[in-house]
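Hi there,

Here is the structure I promised to send over. Have a look at it first, and then read on for what I found.

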Amino acid sequence: MAKTPEEHPVKAFGWAARDSSGVLSPFRFSRRENGDDDVTVKILYCGVCHSDLHAVKNEWGLTNYPIVPGHEIVGIVTKVGKQVQKFKVDDKVGVGVLVGSCKSCESCQQDLENYCPQMVFTYNSIDHDGTKTYGGYSDVIVIHQHFVLRFPDNLPSDAGAPLLCAGITVYSPMKYYGMTEPGKHLGVAGLGGLGHVAVKFGKAFGLKVTVISGSPSKEVEAINRLGADSFLVTSDPTKMKAAIGTMDFIIDTISAVHPLLPLLSLLKLNGRLVTVGLPDKPLELPIFPLVLGRRLIGGSDFGGIKETQEMLDFCAKNNITADIELIKIDEINTAMERLAKSDVRYRFVIDVGNSLSHP
Amino acid sequence: MEKNSPETEHPVKAFGWAARDTSGVLSPFIFSRRAAGDNDVMFRVLYCGICHSDLHSIKNEWGFSTYPLVPGHEIVGVVTEVGSKVKKFKVGDRVGVGGLVGSCHSCDNCINNLESYCPTYVLTYGATYYDGTTTYGGYSDIMVASEHFVVRMPDNLPLDAAAPLLCAGITVYSPLKYFGLDKPGVHVGVVGLGGLGHVAVKFAKAFGAKVTVISTSPNKKDEAIQRLGADSFLVSHDPDQMQAAMGTMDGIIDTVSAFHPLQPLLGLVKTNGKLIMVGAPDKPLELPVFSIIMGRKMIAGSGGGGMKEMQEMIDFAAEHNITADIEVIPMDYVNTAMERLVKADVRYRFVIDIANTLKAAKN
């Protein structure tokens, strides 16, 4: 017998997409009973990640409808299981991209749950009990304590929510690929949800930061508000030529298909381009720039739980949050349309606590 | 004013074979070499390896060839003259020259012994030297090169079989070391079993790695395992074999210069694994971004190596008795060799017996 969304004992309510139109609408479902190792979280805010948009429209071909997206969740603990030591009722917590992993493979043992071959995503995955996972565009979530993050008190819950995906997605590769040496030159390609946080982290690491963008209109913001040192418009051939071989690293956050050759040319010898955007088609990869300059293209997929906590604590210490536009849940479809046109500075966050009410 | 011809621009007579146009057909060519300057080493060429780059160049496949073009950058011979400031070599020494004969010596890369990444490096053939003349490569009877770009060939290495190390050798040795694939116990994949590939297998085994050859030709399996010492062999278009090997390799050296899919190769490396491109396809390949994001994988390139590393590689080869597997040919076979090289019909490098056959061809 097929399981229905109302298969669990705890009533839940959220907004879901039902088909590849991606249109979201009210959706009744349920959460499991809070187990011994579980934490129940009343959701206050949830960031709107570009992955949510890809997923509701089934752009990657992996969506299993109905889908409740949302993996940048901040809320308050309302219940903890018997074995839970790290959290208590009323704690402010976060939930990101993962709610489960195998815990025994090499990746899990190295705190790299994000590379576990059996990881369970916060939404659109199958959990260990065989039921579907639903994300943070909802009023409550029940998760295993291992995947709950302590949310620092001095970080605003709304502006801090996007750190749970956008934040860790750029923080992890910046550390792994060595982009933390003060004085080095970082290029950030794409100034959206991921890009603007990468600029902030780059400055906090003591790097010189150049934003690389197709939109000249973003220059003033990038420099005056986000603190970037310079701005390079990809459609200006003179400026692009002058910047050849000047960057130690580039974080490429662009999620549409785009040419890599102009970006690779900007790198010095041994330069690294790390791609974190997820275009739905392959990119053209010219090999000569890699061979002639011993350059590298690497990928990175959000981050493990330990590192996500480290990132949140780093943000608390350095007062780093996302720049957000707070919306009500019933504005989500308009927000998705605007997101498709990159018309947001730079993340929508849904005010779940104040706008999502059980019918 | 009549421009100096290749025959008259320098004082020392030289003879070789050159391509005259994009047909790539090579034929006898009279030219000249500069007199040995204070820092130069002049040597009689004994052997020269045929690199696939020679083939790309004579046919102008990369679009920057100028004719006449004398290829050859896997050159070995015996010193006949040294300039007054030369310290490391004397007459009678066995020496070699690879892909470079000049660099700026002052940029960051040169200072860090990475001359092959100097923005103003001078290639052994088809480039412009500091005196404004064209450089001519090793399909010729004599070579003159700055001491800095000459390596000593140890006595225990047969010169003919060692010649290909000067390009093929350094091209795979350098990334094996730089990308950490030179540690005992690492699992290295080698894609393509040709000039570069077969030397990569030998170096990787000498480093103590486990080696898997990945190839489109099932008939190379016995060679790979019995003769070259590879631990295993994967046929790249066999989905079952490829599936079984997924996520097993620390790194892969990809020597293939033709267009080929990267996704199956990325599947073979472990989390944090590396795919290193040393072949030089002239058209872009396809990067399926999911394949590097999931598993935090990397694709890098590597181009030759610096002179310090070149000598280190030759000395390592001497210590471990590593040379290339070659087919020695007379000079006048070179055009046939090029046709066979197009079809990868060689185990695994042609080497021209210059000393014994170039003069004869002149007649």
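Please keep in mind that this is a predicted model. I started with a helix contact in chain A, where Gly167(A), Ile168(A), Tyr171(A), Ser172(A) and Lys175(A) of H4(A) meet Glu307(A), Thr308(A), Glu310(A), Met311(A) and Phe314(A) of H10(A). Sorted by class, the residues in this contact of H4(A) with H10(A) are four nonpolar, three polar and three charged. H10(A) covers residues 305-318, and its axis comes within 10 Å of that of H4(A), crossing at roughly 100°. Since angles of 65 to 115 degrees count as roughly perpendicular, that is how H4(A) stands to H10(A).

H4(A), residues 166-176, also packs against H5(A), residues 193-204, with the axes 9 Å apart and an angle of about 50°. The two helices are therefore oblique to each other, and H4(A) passes H5(A) in a right-handed crossing. On the H4(A) side the contact is made by Ala166(A), Gly167(A), Thr169(A), Val170(A), Tyr171(A) and Met174(A), and on the H5(A) side by Gly193(A), Leu194(A), Val197(A), Ala198(A), Phe201(A) and Gly202(A). This contact of H4(A) with H5(A) has eight nonpolar and four polar residues, but no charged ones.

One item on chain B as well: an unreviewed UniProt entry lists residues 24-352 of chain B as "domain: Enoyl reductase (ER)".

Best wishes

Conventions:
Residues numbered from 1 in each chain as written. Chains lettered and ligands numbered in written order. Predicted model: local features only at pLDDT ≥ 70, side-chain atom pairs only at ≥ 80, totals over all residues. Heavy atoms only, no water. Axes fitted to C-alpha atoms, helices over the stretch in contact; angles between N-to-C directions. Helix = DSSP H or I, 4+ residues; strand = E, 2+ residues; numbered from the N terminus. Parallel < 35°, antiparallel > 145°, perpendicular 65-115°, else oblique. Left-handed = near helix turned anticlockwise from the far one by under 90°. Contact = heavy atoms within 4.5 Å. Nonpolar A, V, L, I, M, F, W, Y, C, P; charged D, E, K, R; others polar. UniProt positions renumbered as here; feature names shortened; annotations may be inferred.
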